Amino acid sequence: MDTLTSYLGYDFVQHALAAGTLSAILGAVVGYFVVLRNVNFAAHALSHIGFTGAAAAALLGWNPLQGMLLFTVAAGLGIGVSGDRLQRSDMAIGMVLTMALGLGTLFLSLYRGYAGQTQAILFGDIFGVSAGQIGEMIVLSLLSLAALALFARKLLFASIQPRLAEARGLALTAISIAFMVVLAFSVSLASQIVGVLLVFTLVIAPAGIVLRFCRSFWRGVLMAVALSVAVVWVGILLACVTNRPVTFWITAIFFAVYLVVEAWCRVVRRE
């Protein structure tokens with residue numbers, strides 16, 4: 001316990017906990033709508049397109065988060081234009097994804113800087129987050145949540161009953177574009193924690209687990225946020241104590257929770 005308490009006194013751990021909390025909250029909220037709208041593949045694509053942006057930023061000497069945002073927001077706008085056709089455009093998204101990965105690989109091959117930058121892009125570097133980056137993440141998180149709050153009701157309606165929402169005059173394409181831009185912000189922030197290869201962890205896992213047993217929207221969102229923040233904090237603290245990667249602990253805990261919830265749901269259904 002003394003060792004854990006001493007770790008909490010370090011700035012880099014405090015920064016990690018702050019950044020992890022921001023990413024966990026935004027990822028859980030946005031991820032809830034991702035699962036409802038069944039656009040998991042689009043979220044996966046954005047994370048890999050973010051990899052290309054981060055690699056390009058590293059090559060140009062920019063902040064990797066800025067590169068991620070530039071590429072993911074642009075891609076989100078493009079994907080969002082497909083509106084309710086998104087679920088039927090997996091092939092197009094897949095082709096864009098493969099091209100983005102190819103470009104990202106090219107950019108990394110041209111990069112001659114610190115090799116650890118490459119690993120940070122792929123797997124995250126939560127303990128390397130600076131106070132300045134936390135400031136950026138706070139602003140981006142607040143803007144994203146505020147934007148999402150403005151059209152949350154319409155988004156929920158369009159996610160559950162898209163045909164009825166369209167019949168009542170809702171602009172599904174505009175809603176889709178707005179949501180994909182918010183998702184782009186969420187993916188970029190989550191990448192700071194678990195890296196672009198495992199961004200699904202923070203965006204999909206909390207909502208996916210909660211929706212297995214909770215159908216109430218607000219209760220489900222709050223539970224997803226609580227679960228996400230708790231897992232991120234435990235993962236970061238375990239990484240400090242064990243000197244093992246944060247990404248491993250976060251993904252392992254989520255997987256363990258998923259197995260428990262899945263087993264419980266199967267038992268309840270049999271009863």
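Three salt bridges are counted in this predicted model.

- The side chains of Arg-212 and Glu-262 form a salt bridge with an N to O distance of 2.9 Å.
- Arg-212 is located in the loop between helix 11 (200–210) and helix 12 (217–242), whereas Glu-262 belongs to helix 13 (residues 246–270), so this pair ties together parts that are 50 residues apart in sequence.
- Glu-262 also forms a salt bridge with Arg-266, with 3.6 Å between the closest N and O atoms.
- Glu-262 and Arg-266 are four residues apart in helix 13, and therefore about one helical turn separates them.
- Glu-262 counts as buried because its relative accessibility is 13%, and buried means under 20%.

- Arg-163 counts as exposed, with a relative accessibility of 52%, since the exposed class covers values over 50%.
- Glu-166, with a relative accessible area of 43%, is partly exposed.

**Nonpolar surface patch**

- A nonpolar patch on the surface is formed by Leu-59, Leu-60, Trp-62, Leu-70, Met-99, Leu-103, Leu-106 and Leu-110, which together have about 750 Å² of accessible area.
- At least two residues of the nonpolar patch come from each of helix 3 (40–60) and helix 5 (90–110).
- Helix 5 supplies the largest share of the nonpolar patch, with four residues.
- Leu-59, one of the patch residues, lies in helix 3.
- The relative accessibility of Leu-59 is 33%, and Leu-59 therefore counts as partly exposed.

**Packing of helix 4 and helix 10**

- The axes of helix 4 (residues 64–80) and helix 10 (residues 172–194) come within 8 Å and cross at roughly 155°.
- Helix 4 is therefore roughly antiparallel to helix 10, a class that applies to angles over 145 degrees.
- The crossing in which helix 4 passes helix 10 is right-handed.

Technical notes
Residues numbered from 1 in each chain as written. Predicted model: local features only at pLDDT ≥ 70, side-chain atom pairs only at ≥ 80, totals over all residues. Heavy atoms only, no water. Patch = residues over 30% accessible without salt bridge, like charges linked within 9 Å, V, L, I, M, F, W, Y side chains within 5 Å. Areas by Shrake-Rupley, 256 points an atom, 1.4 Å probe, with all protein chains shown as cover. Salt bridge = Lys/Arg side-chain N within 4 Å of Asp/Glu carboxyl O. Buried < 20%, exposed > 50% of the residue type's maximum accessible area, 1.4 Å probe, protein only. Axes fitted to C-alpha atoms, helices over the stretch in contact; angles between N-to-C directions. Parallel < 35°, antiparallel > 145°, perpendicular 65-115°, else oblique. Left-handed = near helix turned anticlockwise from the far one by under 90°.
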